[in-house]
Amino acid sequence: MSFPTATIDASALRHNLAAVRRFAPASKVLAVIKANAYGHGIVPVAHALDSADAFGVARIGEGLALRAGGITRPIVLLEGVFSNDELQQAAAANFELVVHSLAQVEQLEQAGAAHRFDVWLKLNTGMNRLGVTPAEFDEVRRRLQTCAAVGRIRLMTHLFGAEEAGGVGTRQQIGDFLAMTAGMSLDRSVANSAGLIAWPEARTEWVRPGLMLYGISPIPGQSADQLGLRPAMTLTTQLIAVRRVTRGEGVGYNAIWRAPKDSLIGIAAIGYGDGYARNVRSGAPVLVNSHPATVAGRVSMDMTAIDVTDVPDAKIGDSVVLWGEGVPADRVASYADTIAYELVCGIAQRVTRVWR
Ligand SMILES: *Cc1c(COP(=O)(O)O)cnc(C)c1O
């Protein structure tokens with residue numbers, strides 16, 4: 001088998017969708033599979049998650065790839081569309097549209113009655129990225145209700161810090177949204193992964209999990225294991241060299257790692273050219289032949305040095321797990337000044353994806 005390899009476990013994806021439903025049993029699930037399903041492969045992930053109630057993508061091209069791949073479930077364009085050309089394509093593919101700006105309302109008003117779009121009106125409750133303002137909300141909703149190009153209307157907002165324990169801003173966002181939308185008998189959607197885990201009041205008619213579907217914890221201090229999630233992607237490679245270094249010798253570019261004692265170094269065939277981020281620091285966890293070991297020195301483009309001194313009988317050809325089963329991606333992210341989202345999204349084209 002070629003390496004590096006990202007092995008994707010369809011049963012883990014389904015297991016994690018079931019975990020979402022345990023957290024939010026009364027909610028429908030809009031499974032978020034933008035950015036190539038967080039690097040896992042958008043079409044096969046959608047097939048594995050075919051019991052989700054709908055799929056969410058960021059760009060129209062992602063939605064079209066799903067339709068071309070045989071996905072017939074509802075697909076929501078989470079940013080809506082940005083031209084009449086895209087609006088026509090969205091009609092032909094029967095996409096649902098997030099409407100987050102007055103410009104998009106006007107576009108629908110000018111579209112005529114040839115197609116009725118189900119829309120998700122997005123309200124800005126403090127993220128200040130997308131969404132109509134609370135002041136615009138009533139007027140926009142009335143305009144959509146009388147628009148010939150609009151079918152069913154749902155309401156949504158997005159939380160900016162649901163993973164922060166006791167976040168005052170999150171409580172305020174949820175409270176404001178629920179108050180502004182109370183009594184409208186329209187479906188509402190608030191929660192991303194962290195929101196649906198940590199904020200019971202955010203489990204409205206629809207939840208919108210992304211990260212947790214891939215078996216990664218969205219909550220600092222709570223492991224995927226504790227949350228009942230299984231990693232869907234395991235990134236592996238092999239050792240292609242093993243060498244001894246004596247105490248004080250440097251390893252890798254700029255010799256930023258120096259052997260604290262006579263050590264054994266394994267060279268793993270993976271680097272930032274594969275998506276194993278260059279800013280992963282020495283000490284980041286890996287598994288070599290199922291034994292814990294750590295990164296030593298700078299990640300290069302195609303290779304990463306591993307301190308295998310304490311791995312019994314480490315040798316060329318040994319398997320190396322960079323993240324996934326046994327090495328949570330969020331732990332690796334903490335050694336790279338980033339979040340697990342960025343790591344899994346960043347898997348390069350040259351990494352072979354294998355489905356299990
Ligand atoms: C990406 C995204 C989500 C999913 O967020 P996770 O933190 O990955 O669960 C939900 N809603 C919107 C609007 C998004 O853009």
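The residues lining the largest pocket sort into 20 nonpolar, ten polar and seven charged. (Ala, Val, Leu, Ile, Met, Phe, Trp, Tyr, Cys and Pro count as nonpolar, Asp, Glu, Lys and Arg as charged, and the others, Gly among them, as polar.) You're looking at a predicted model, where local features need pLDDT of at least 70 and side-chain atom pairs count only at pLDDT 80 or more, while totals for chains, interfaces and linings use all residues. Residues are numbered from 1 along each chain as its sequence is written, and side-chain values use heavy atoms, with hydrogens and water left out.

**The largest pocket**

- This pocket (an open set of points on a 1 Å grid over the protein atoms alone, with protein on both sides within 12 Å along at least five of seven lines) holds about 950 Å³ of space.
- That volume is the space filled by probe spheres set on the points, which are joined across faces, edges and corners.
- Its lining (residues with an atom within 4 Å of a point) takes in 37 residues, and Lys34, Tyr38, His158, Asn192 and Tyr341 are the ones nearest the centre.
- Two or more lining residues come from each of α2 (34-38), α9 (193-198), α10 (329-334) and α11 (340-345); such helices are DSSP runs (H or I, at least four residues), strands are too (E, at least two), and both are numbered from the N terminus.

**The largest cavity**

- There is one cavity of 30 Å³ or more in the structure, a cavity being a set of points where a 1.4 Å probe fits but cannot get out.
- The largest cavity has a volume of about 40 Å³.
- Around it sit Gly80, Val81, Leu87, Leu97, Val98, Val99, Gln104, Gln107 and Leu108.
- β5 (96-99) and α6 (102-109) are the elements giving two or more residues to that lining.
- By class, the cavity lining has six nonpolar, three polar and no charged residues.

**How α6 meets α7**

- The axes of α6 and α7 (residues 134-145) come within 10 Å and cross at roughly 15°; axes are lines fitted to C-alpha atoms, for helices over the stretch in contact, and angles run from 0 to 180 degrees between N-to-C directions.
- The two helices, α6 and α7, are therefore roughly parallel to each other, a label for angles under 35 degrees.
- On the α6 side, Leu102, Val105, Glu106, Leu108 and Glu109 meet Glu136, Val140, Arg143 and Leu144 of α7, where contact means heavy atoms within 4.5 Å.
- That contact brings together five nonpolar, no polar and four charged residues.

- Phe3 joins Pro4 through a cis peptide bond, with omega near 0°, and Pro4 is in the segment before β1 (5-8).
- Asn94 isn't a glycine, yet it has a positive phi of about 55°; you'll find Asn94 in the loop between α5 (84-92) and β5.

**A look at Arg171**

- Arg171 is part of helix α8 (residues 168-181).
- Leaving out residues up to four places away in sequence, Arg171 touches Gly166 and Trp199.
- Leu159 is twelve residues from Arg171 along the chain, and their C-alpha atoms are 9.5 Å apart.

How values were computed
Parallel < 35°, antiparallel > 145°, perpendicular 65-115°, else oblique.
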